[in-house]
Amino acid sequence: MRAAAMDACRFAVTKIQPPRLRASRVDRPGSDAALAAALFDHRVVLLQAPAGFGKTTALAAQLAGLAPDTALAWVSLDEDDDRQRLFACLATALEPFDLPWRTAPEALVALLGQDDPAAPRRATTELLNALAAADTPRGLIVLDDLHRVVSTQVHALLETLIERLPAQWTLVLASRTVPPLPLARWRAAGELAEFTQEELRFTSAEAAALLAADGAAPERAAELIERTQGWPAEIGRAS
């Protein structure tokens, strides 16, 4: 984005940098395959589980295997994010893909700061049109740590964005809590894929692999699974 937009809504560049995949990560072919299919087949994918269940790590593994022509916009959310900052982050994260904006993104960020009830829909429509006309066969928008957001305006913008998201794009949400979005409607329409702690918890085989990688006795896996209910963070500490 241009300097004007950055002045209007500054943010740390690390907010739009995808995480790196840790070399020590245990392979999880089952859950990885299910998540990969969901990213390809659904309009919105939700990873919702408490801290330590590996939501960000699971997404990092998917990003490492994306096709080279896949567009990716990653935003890590914070408590003080409002719709202006979210829009600025999205526009900046999407900048490498040269979206054909009809209105400059910085002008749309400024518009969202005005007391105009029509501003959010106009800005979101401009973003949707740019995404639809993007020269990319597949695109992902990932919003990590959605549970931190307290702004109802952000949730309203996300609902509008998801409802009209072009077919070649998927929006991915990672949150510790259930977000205040119309999940039931999207679920009923077959547009929502959900990964809760049930899908994200470790199996006995995965726990054994983690223990072996850390030099611990893999036969402890069953004991740890029973004690931790498959909570990856606690299994990692126990190893």
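Visitor: What makes Asp82 a cap of helix 4?

Guide: The model is predicted, and in it a side-chain oxygen of Asp82 lies 3.2 Å from the backbone nitrogen of Gln84. A polar contact requires such a pair to be within 3.5 Å, so this pair qualifies. The end of helix 4 that Asp82 caps is the N-terminal one.

Visitor: How do you know that the span of helix 4 agrees with its number of residues?

Guide: Helix 4 covers residues 83-94, which is 12 residues. The expected span is 1.5 Å times one less than that number, and for helix 4 this comes to 16 Å. The C-alpha atoms at its ends are 16 Å apart, so the two agree.

Visitor: Why is helix 4 called largely enclosed?

Guide: Because 12 of its 12 residues are buried, helix 4 is described as largely enclosed by the rest of the structure. Buried here means under 20% relative accessible area. For the protein chain, buried residues make up 50% of the 239 residues.

Visitor: How many cavities count by the volume rule?

Guide: One cavity has 30 Å³ or more. The largest cavity has a volume of about 50 Å³.

Visitor: Why is a cavity kept apart from a pocket?

Guide: A probe that fits in a cavity cannot get out, whereas a pocket is an open set, so the two are named separately. The second largest pocket has a volume of about 190 Å³.

Visitor: Which elements supply at least two residues each to the lining of the second largest pocket?

Guide: They are helix 2, helix 3 (55-64) and strand 3 (138-144). Helix 2 gives the most, with three residues. The lining includes Ala36, Phe40, Gln62, Thr70 and Arg138, and its classes are seven nonpolar, three polar and one charged.

Visitor: What share of the contacts in the protein chain join residues at least 24 apart?

Guide: Among contacts between residues at least 6 apart in sequence, the share is 77%. The chain has 12 helices and five strands.

Conventions: Residues numbered from 1 in each chain as written. Predicted model: local features only at pLDDT ≥ 70, side-chain atom pairs only at ≥ 80, totals over all residues. Heavy atoms only, no water. Helix = DSSP H or I, 4+ residues; strand = E, 2+ residues; numbered from the N terminus. Buried < 20%, exposed > 50% of the residue type's maximum accessible area, 1.4 Å probe, protein only. Polar contact = N/O pair within 3.5 Å; in protein donor to acceptor, adjacent residues only side chain to side chain. 1 Å grid on protein atoms, 1.4 Å probe; cavity = no way out; pocket = protein on both sides within 12 Å on 5 of 7 lines; lining within 4 Å. Points joined across faces, edges and corners; volume = space filled by probe spheres on them. Nonpolar A, V, L, I, M, F, W, Y, C, P; charged D, E, K, R; others polar. Contact = heavy atoms within 4.5 Å.
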